[in-house]
Amino acid sequence: MARWLAGTNDVTQLFLAAGQVPDLVNLAGGLPEPALWPVEDLARIAGEVVRADPQAALAYGPIEGLPALRDAIARRFSRGGLNLARGNVLITTAGMQGLDLLGKVLIDEGGVIAAQAPAYLGALDAWRPRGPRYRPMRLGENGCDPATLMRGAQFAYVVPNFSNPTGRLVDLAERRALLAAAEAAGTWLVEDDPYGTLFYDAPPLPRILDLAGEGGGEPYDGRVVYLGTLSKELVPGLRLGWVIAAPDMIRALATAKTGADMCTGGLVQAIALRAFEEGLPERILPEVLALNRARRDALLAAMAEHLGDAFDWQVPAGGMFVWATARDPALDTDRLLRAALDHGTCVTPSSVFDPDGRDRRSIRINFTLNAPDRLHEGIRRLARAVAAIR
Ligand SMILES: Cc1ncc(COP(=O)(O)O)c(C=O)c1O
């Protein structure tokens with residue numbers, strides 16, 4: 001086996017064990033509520049698109065994606081000074097493939113990534129085989145200077161809208177500063193944005209991609225590489241995502257995609273195109289926001305009741321997670337996960353979001369998958385697990 005496999009985290013084994021725990025309240029994943037999926041609409045659309053254009057839906061397609069879908073995404077994201085053309089868009093097998101292809105295109109062995117810390121586990125997994133070194137960017141903390149950290153990096157990686165794992169929102173001034181830092185360093189700025197529609201308390205902020213497009217020409221040729229996905233906006237199982245970037249970057253990523261899967265499934269792309277044309281994501285959004293907001297509030301209420309003496313946390317203004325940090329620096333959240341499984345619940349420990357696996361003081365708690373009474377029950381069980389290891 002290749003050497004990089006030795007660097008994976010054994011917490012994954014614990015999650016596999018979680019499947020065996022009866023009546024588990026799973027607060028660990030990042031899954032949307034299945035009841036929100038527009039099942040009938042998607043079933044109808046799937047039948048229609050296969051019959052309407054079997055060539056698009058069932059043949060091998062162009063590596064970069066169906067032209068009509070690339071055009072639709074270019075139109076959907078063009079606004080203000082941002083002018084996108086088909087050549088700015090690559091269709092991917094969801095967001096994860098965008099991360100994987102970026103690793104292939106940008107990281108040489110030992111290359112440096114300036115990554116928002118703590119960092120999305122899936123990105124660390126995608127890039128691990130490339131053997132990168134990380135410069136953590138602890139945005140918002142004293143002494144964090146992205147401009148210095150980005151110098152000499154192959155790229156910078158941020159999740160400005162409700163980071164996974166922390167739920168943190170990067171404000172407008174910070175977005176401008178990140179873009180300026182990337183431009184000064186001459187490095188790519190990867191904006192990973194699965195949660196960009198999930199604002200519960202205020203209207204969405206401009207994307208860093210929008211800021212990069214200000215005053216730019218056509219087609220877009222800036223430093224920001226934007227990753228989008230239908231996973232949190234519609235359904236995760238379609239595995240449909242997109243990269244928006246300068247045409248040269250799209251060409252490089254398409255070269256890497258050839259060796260990965262030749263093209264994203266045509267049926268899935270045809271469904272996505274029709275879903276955009278019919279405005280399906282917009283139609284379900286109000287219900288998604290209302291349900292997620294109520295669940296976030298239910299989780300926070302349960303945490304205030306049961307965890308207030310052991311953990312501190314911030315209220316996330318969107319997304320899917322609350323990040324809680326133990327007041328006692330000696331509380332080891334890898335140990336807490338084991339105890340939580342014994343008590344019938346699970347959360348994600350901070351070690352998996354740290355490339356070195358050393359941060360063991362925080363947990364990520366998901367609030368979108370479980371109804372309020374189950375969230376309460378999960379937090380009650382978690383509090384018992386905390387008491388058991390103290
Ligand atoms: C920050 C971030 N990036 C990318 C992804 C990948 O999602 P998908 O491959 O389903 O589009 C996720 C999923 O949870 C995520 O949280």
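Biologist: Where does Leu36 lie?

Modeller: Leu36 lies in the loop between strand E1 (25–26) and helix H2 (39–52). Helices (H or I, at least four residues) and strands (E, at least two) are DSSP runs, numbered from the N terminus. This is a predicted model, where local features need pLDDT of at least 70, side-chain atom pairs count only at pLDDT 80 or more, and totals for chains, interfaces and linings use all residues. Residues are numbered from 1 along each chain as its sequence is written.

Biologist: And why does Leu36 count as partly exposed?

Modeller: Because Leu36 has 16 C-beta neighbours inside 10 Å. Buried takes 20 or more other C-beta atoms within 10 Å, exposed is 12 or fewer, and partly exposed is in between, with C-beta atoms placed from the backbone.

Biologist: Which residues is Leu36 in contact with, leaving aside neighbours within four places in sequence?

Modeller: Ile284, Glu287, Val288 and Leu291. Contact here is C-beta atoms, placed from the backbone, within 7 Å. Also, Leu234 is 198 residues from Leu36 in sequence, but 8.5 Å away C-alpha to C-alpha.

Biologist: OK, domains. What does the assignment give?

Modeller: Domain 1 (3–30 + 283–389) and domain 2 (40–278), with bounds from an automatic or database domain assignment. Their centres, over C-alpha atoms, are separated by 26 Å.

Biologist: How many residues are in contact between domain 1 and domain 2?

Modeller: 24 residues of domain 1 with 22 of domain 2. On the domain 1 side, H12 gives the most, with five residues.

Biologist: What about the largest nonpolar core?

Modeller: That core has 113 residues, and Ala156 and Val243 have the most contacts inside it. It draws at least three residues from each of domain 1 and domain 2. By nonpolar core I mean a set of buried Ala, Val, Leu, Ile, Met, Phe, Trp, Tyr and Cys residues joined through C-beta atoms within 7 Å.

Biologist: What does Ala156 touch?

Modeller: Not counting residues up to four places away in sequence, Ala114, Met150, Ala182, Thr187, Leu189 and Val190.

Conventions: Contact = placed C-beta atoms within 7 Å.
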